[in-house]
Amino acid sequence: MSQQESERAYVVPGADPWDRVRHFTDGRDPVKEWQCSDCHTWYADHASGVTKSWEIRKGVWSQPFCGTCRPPKSPFFSGGPVIIGYGGFTEWIKQNAAERRAKGLQGGGAE
């Protein structure tokens with residue numbers, strides 16, 4: 001954003017430290033913005049070509065990060081929020097798989 005353009009706008013902090021709303025003095029609609037936790041760049045909430053993602057650890061959302069700092073691992077990713085990991089759910093999957101294997105071995109296989 002140029003110096004001249006920033007003089008025609010002011011920001012109001014959002015509920016979270018990485019959210020804010022930019023208000024323009026020339027009558028344009030306000031723009032919701034978010035800040036990447038890695039590069040600290042502010043992006044418009046629905047900026048084209050910028051992916052806003054979060055990570056979940058033990059039921060707590062992380063600060064958002066952009067797709068430039070942490071590109072998605074899947075080549076089929078189409079944009080939007082992504083869940084990178086959730087520790088408790090992963091442990092449940094491992095336990096469930098172990099229980100299924102144990103039941104399969106005890107059941108004697110196919111009849």
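R20 lies over the face of W42, 3.8 Å from the ring centre. A charge is said to sit over a ring if NZ of Lys or CZ of Arg is within 6 Å of the ring centre and within 35 degrees of the ring normal. R28 is likewise placed over the face of F24, at 4.0 Å from the ring centre. The structure is a predicted model, in which local features need pLDDT of at least 70, side-chain atom pairs count only at pLDDT 80 or more, and totals for chains, interfaces and linings use all residues. Residues are numbered from 1 along each chain as its sequence is written, and side-chain values use heavy atoms, with hydrogens and water left out.

Side chains of opposite charge can pair when their charged atoms come close. In a salt bridge, a side-chain nitrogen of Lys or Arg is within 4 Å of a carboxyl oxygen of Asp or Glu. The count by this rule is four salt bridges. In one of them, the side chains of E33 and R22 meet at 3.1 Å, N to O. This pair links distant parts of the chain, since E33 belongs to strand β3 (residues 31-35) and R22 to strand β2, 11 residues apart; strands (E, at least two residues) are DSSP runs, numbered from the N terminus. R20, R22 and E33 are linked in a network of salt bridges.

In another salt bridge, the closest N and O atoms of D26 and R28 are 3.2 Å apart. Here D26 is partly exposed at 42%, and R28 is partly exposed at 39%.

W18 is found in the loop between β1 (9-13) and β2 (19-24). With a relative accessible area of 18%, W18 is buried. Leaving aside neighbours within four places in sequence, W18 is in contact (heavy atoms within 4.5 Å) with E33, W34, Q35, W42, Q63 and P64. W18 and P64 are 46 residues apart in sequence, and their C-alpha atoms are 7.7 Å apart in space.

Rings of Phe, Tyr and Trp (its six-membered ring) pair if their centres lie within 6.5 Å; planes under 30 degrees apart count as stacked, over 60 as edge-to-face and the rest as tilted. The count by this rule is one aromatic pair. The ring centres of W34 and Y43 are 5.2 Å apart and their planes lie at 35°, so the pair is tilted. Both W34 and Y43 are buried.

Note on methods
Buried means under 20% relative accessible area, exposed over 50%, partly exposed in between (1.4 Å probe, protein chains only). Helices (H or I, at least four residues) and strands (E, at least two) are DSSP runs, numbered from the N terminus.
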